[in-house]
Amino acid sequence: MKHFFTLLSHEIRMLLVSASTYIAAMLFLAFMGFIFTSILESYSKAPQEMSPAQVFFQLFWFPVLFMVPMLTMKCLAEERRLGTIETLLTTPVTTTEVVLGKYTAAYLLYLTLWGSTTGFFYILRKFSGDARFLDPGPLTGGYLFIAVSGLFFIAIGVFASSLSRNQAVAAIFCATMLFGLMFGLSWLAGSTALNREALQPARVALEYAQVFTHRDDFTRGIVDTRQLLFYLSGTVLALIFSILGVEAKLLHA
């Protein structure tokens, strides 16, 4: 892994000169700013049961569905389309280093974009002068959820990018898999077809994988090690499949 940091710095530079990065950042900050102003309007009209931080993270899935594909769609698909992945791997670097370098760069940018939203809460605290708006439990838990779940989401994006030479196709694959993870599993867990006793283990497994339940737990200050294991194991599997996918494509090239 001695070439990892060299690859990582290169990938960060490539992301910073990519138009899709700035489009994703602009759309993300515009949407989250709109959500935040809507929260302030609702709190100015009447008291609310939930803290602003809890409400803020309710719609985390919407920016994730467009931001993650835009950040990851180029990482391997573009290299394969241009034929540069073969050239890169003829140098003294491994497939693992290449995939991990691209993954880490996208994840760091993902964290940076979400981290920039802490400015909303800073502005609120500074101008309102009311510390009750900044409940540290939901705020810390919410950003911890974003960081932990982002590991898996970005890994899914890298895996999708390893499946195709076309960026648009990779983005669609990624968005579809993320949508299935968030909403498809929720629908299956609530399906009456799983009420049979023989299918109870499958139902329990699906309920364990509920992303929105994880979000609610984190924003309430509940950190379950099983949920951490879910995201970490999913991340490792997605990255392994990405590495195998790249190597398989090279063998059949």
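Biologist: Hi! I'm new to this one. Which helix does H9 meet, and at what angle do the axes cross?

Modeller: Welcome! Keep in mind that the model is predicted. Helix H9, residues 136–162, meets helix H12, residues 211–219. Their axes come within 7 Å and cross at roughly 145°.

Biologist: Which residues in H9 and H12 meet?

Modeller: From H9 there are Gly137, Pro138, Gly141, Gly142, Leu144, Phe145 and Phe153. They meet Val211, His214, Arg215, Phe218 and Thr219 in H12. By class, that contact has six nonpolar, five polar and one charged residues.

Biologist: Is H12 mostly covered or mostly open?

Modeller: Mostly covered: seven of its nine residues are buried. Those are Val211, Phe212, His214, Arg215, Asp217, Phe218 and Thr219.

Biologist: And what comes just after H12?

Modeller: Gly221 does, and Gly221 takes a positive phi of about 85°.

Biologist: Back to Arg215. Which side chain does Arg215 meet in a salt bridge?

Modeller: Asp216, at 3.0 Å from N to O. Arg215 has 7% relative accessibility, so Arg215 counts as buried. Asp216 is partly exposed, with a relative accessible area of 25%.

Biologist: How many salt bridges are there in the whole structure?

Modeller: A search finds four. One of them joins Lys102 and Glu11, with the closest N and O atoms 2.9 Å apart. Lys102 lies in helix H7 (residues 95–116) and Glu11 in helix H1 (residues 4–16), so this pair ties together parts that are 91 residues apart in sequence.

Biologist: Are Lys102 and Glu11 buried or exposed?

Modeller: Both Lys102 and Glu11 are buried.

Biologist: What about Arg226, which side chain does that one meet?

Modeller: Arg226 meets Asp224 in a salt bridge, 2.8 Å from N to O. Arg226 is exposed, with a relative accessible area of 53%, whereas Asp224 is buried at 18%.

Biologist: Why does Asp224 count as buried when it has 18%?

Modeller: Because buried means under 20% relative accessible area, and Asp224 has 18%.

Biologist: New topic. Which residues form a nonpolar patch on the surface?

Modeller: Val236, Leu237, Ile240, Phe241 and Leu244 do, with about 460 Å² of accessible area together. Phe241 is placed in helix H13, residues 225–251. Phe241 is partly exposed, with a relative accessible area of 45%.

Biologist: What is Ser242 in contact with?

Modeller: Leaving aside neighbours within four places in sequence, Ser242 is in contact with Val99, Ala155, Val158, Phe159 and Ser162.

Biologist: Last stop: where does His3 lie?

Modeller: His3 lies in the segment before H1. At 23% relative accessibility, His3 counts as partly exposed.

Biologist: Which residues is His3 in contact with, apart from neighbours within four places in sequence?

Modeller: Those are Pro92, Val93 and Glu97. His3 and Pro92 are 89 residues apart in sequence, and their C-alpha atoms are 8.2 Å apart in space.

Biologist: Thanks, that helps me find my way around!

Note on methods. Residues are numbered from 1 along each chain as its sequence is written. This is a predicted model: local features need pLDDT of at least 70, side-chain atom pairs count only at pLDDT 80 or more; totals for chains, interfaces and linings use all residues. Side-chain values use heavy atoms; hydrogens and water are left out. Axes are lines fitted to C-alpha atoms, for helices over the stretch in contact, and angles run from 0 to 180 degrees between N-to-C directions. Helices (H or I, at least four residues) and strands (E, at least two) are DSSP runs, numbered from the N terminus. Contact means heavy atoms within 4.5 Å. Ala, Val, Leu, Ile, Met, Phe, Trp, Tyr, Cys and Pro count as nonpolar, Asp, Glu, Lys and Arg as charged, and the others, Gly among them, as polar. Patches are made of residues with over 30% relative accessible area and no salt bridge: like charges are joined within 9 Å, nonpolar side chains (Val, Leu, Ile, Met, Phe, Trp, Tyr) within 5 Å. Accessible areas come from the Shrake-Rupley method with a 1.4 Å probe; for residues, only the protein chains shown count as cover. Buried means under 20% relative accessible area, exposed over 50%, partly exposed in between (1.4 Å probe, protein chains only).
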